[in-house]
Amino acid sequence: MKRNIEIGSNIETLFGTRDENLHVLEDGLNVTIHLRANGVELEGAGKDIARVEQVFTDYDHLQRSGIQLNNGDLGSMLRMLVADPSATLRGLVETGKQRSLGRRMVQPKTPNQRKYLDAIEQHDMVFGIGPAGTGKTYLAVAMAISALLAKKVSRIILARPAVEAGERLGFLPGTLQDKIDPYLRPLYDALYDMLDAEKIERYLEKNVIEIAPIAFMRGRTLNDSFVILDEAQNTTTEQMKMFVTRLGFGSKAVITGDITQIDLPNAKRSGLLEAAEALKSVEGLTFVYLDETDVVRHHLVQRIVRAYDSYKLQQNEQLSLGFQAKPGTAAKPGAAVKSNGEVVATPAAGSDPPVRE
């Protein structure tokens with residue numbers, strides 16, 4: 001089926017750089033879009049053509065309403081639209097406007113991000129687990145600020161475990177706050193991206209917004225608060241249990257983490273991993289998992305995350321194959337096995353076991 005539709009002025013901004021947004025629609029909705037002098041020609045199934053036509057109509061309506069979308073946001077919304085048959089471009093934008101706050105309009109850019117924000121609205125405790133760049137912390141801070149400005153909570157508490165990612169910052173000069181600020185800087189960055197600096201400084205001075213290492217949470221009961229624990233993969237079991245039991249009346253808690261980037265020393269068990277197993281059936285809280293398709297940073301980040309996942313899978317497969325004995329060779333109790341599967345030796349009775357090469 002073919003259909004020709006006229007397009008309004010400035011509609012070419014919908015196409016994206018090198019027509020990348022049109023390619024998203026073509027690949028996601030199984031249509032072919034041909035640009036003509038006075039419009040576009042659509043070729044495909046009737047229902048798919050109707051959805052593409054609706055995108056053009058919605059974009060024209062948004063432009064006439066004075067809403068300008070940058071290409072990154074628009075591309076993310078189109079990918080979200082093709083993934084959800086019930087979504088429309090106009091609906092996605094208007095849903096985002098309901099979460100406007102401070103200086104910025106915060107809007108989910110993928111189906112999982114939408115699920116994440118819905119979960120925060122509907123549950124008192126939410127675990128957001130996913131790789132870097134999926135918006136776990138940024139969206140949680142946005143929801144916290146939205147709740148504060150709407151007077152649903154009276155304060156925001158942002159916590160992080162003070163664990164180095166390979167560096168050693170303990171000998172930095174200055175006060176205690178000066179020493180812990182490097183660990184908490186990402187939380188400050190999210191705040192300053194959404195609110196005016198003067199308002200943030202005033203909130204920090206009056207402890208309306210509090211940013212502190214998780215160790216400072218012990219012994220407290222947090223009422224009427226929006227509490228966020230960032231980088232939760234670097235909490236110990238004891239720290240995680242301590243944090244999730246701080247929740248008081250009229251409060252919400254969001255715990256975010258990336259289980260592929262655990263920096264705990266001495267191979268300690270991650271409190272986030274244990275919580276995902278121990279609390280999965282607890283009523284009133286929920287887990288939302290994001291993946292590389294939800295990465296909203298530079299497009300290279302999504303590819304890098306996917307490459308690391310593939311590399312780790314290959315390494316695990318090679319490791320498991322390396323410790324399997326060769327066919328026909330059975331390892332006796334106490335025998336050492338080389339990485340290529342060869343059985344080295346079986347210790348004689350009363351002797352020490354051989355050292356594995």
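Helices (H or I, at least four residues) and strands (E, at least two) are DSSP runs, numbered from the N terminus. The model is predicted, so local features need pLDDT of at least 70 and side-chain atom pairs count only at pLDDT 80 or more, while totals for chains, interfaces and linings use all residues. Residues are numbered from 1 along each chain as its sequence is written, and side-chain values use heavy atoms, with hydrogens and water left out.

Over the chain, the mean pLDDT is 79, and 79% of residues reach 70 or more. Over residues 330-357 the pLDDT is below 50. Beyond near neighbours in sequence, this stretch has 37 contacts in the model. A contact means heavy atoms within 4.5 Å.

Now the overall build. The chain has 11 helices and 11 strands. Of its 357 residues, 42% are buried. Buried means under 20% relative accessible area, exposed over 50%, and partly exposed in between (1.4 Å probe, protein chains only).

Next, a pair of strands. β2 (residues 32-36) and β3 (residues 39-43) run antiparallel and are joined by five bridges. Two strands pair if DSSP finds at least two bridges between them. The two form a hairpin, with two residues between them. Ile33 has Leu42 in β3 as its bridge partner.

Then come the charges. Side chains of opposite charge can pair when their charged atoms come close. A salt bridge is a side-chain nitrogen of Lys or Arg within 4 Å of a carboxyl oxygen of Asp or Glu. The structure holds six. One joins Asp230 to Arg160, with the closest N and O atoms 2.8 Å apart. Both residues of this pair, Asp230 and Arg160, are buried. Arg160 also bridges to Glu231, at 3.1 Å between the closest N and O atoms. Arg160 lies in strand β7 and Glu231 in the loop between β9 and α9, so the pair ties together parts 71 residues apart in sequence. Glu231 is partly exposed, at 27% relative accessible area.

What of Asp294? Asp294 sits in the loop between β11 (285-289) and α11 (299-322). Asp294 is buried yet has no salt bridge. Its nearest side chain of opposite charge, Lys115, is 8.5 Å away. Lys and Arg count as positive and Asp and Glu as negative; His and the chain ends are not counted.

Methods: pLDDT = per-residue confidence, 0-100.
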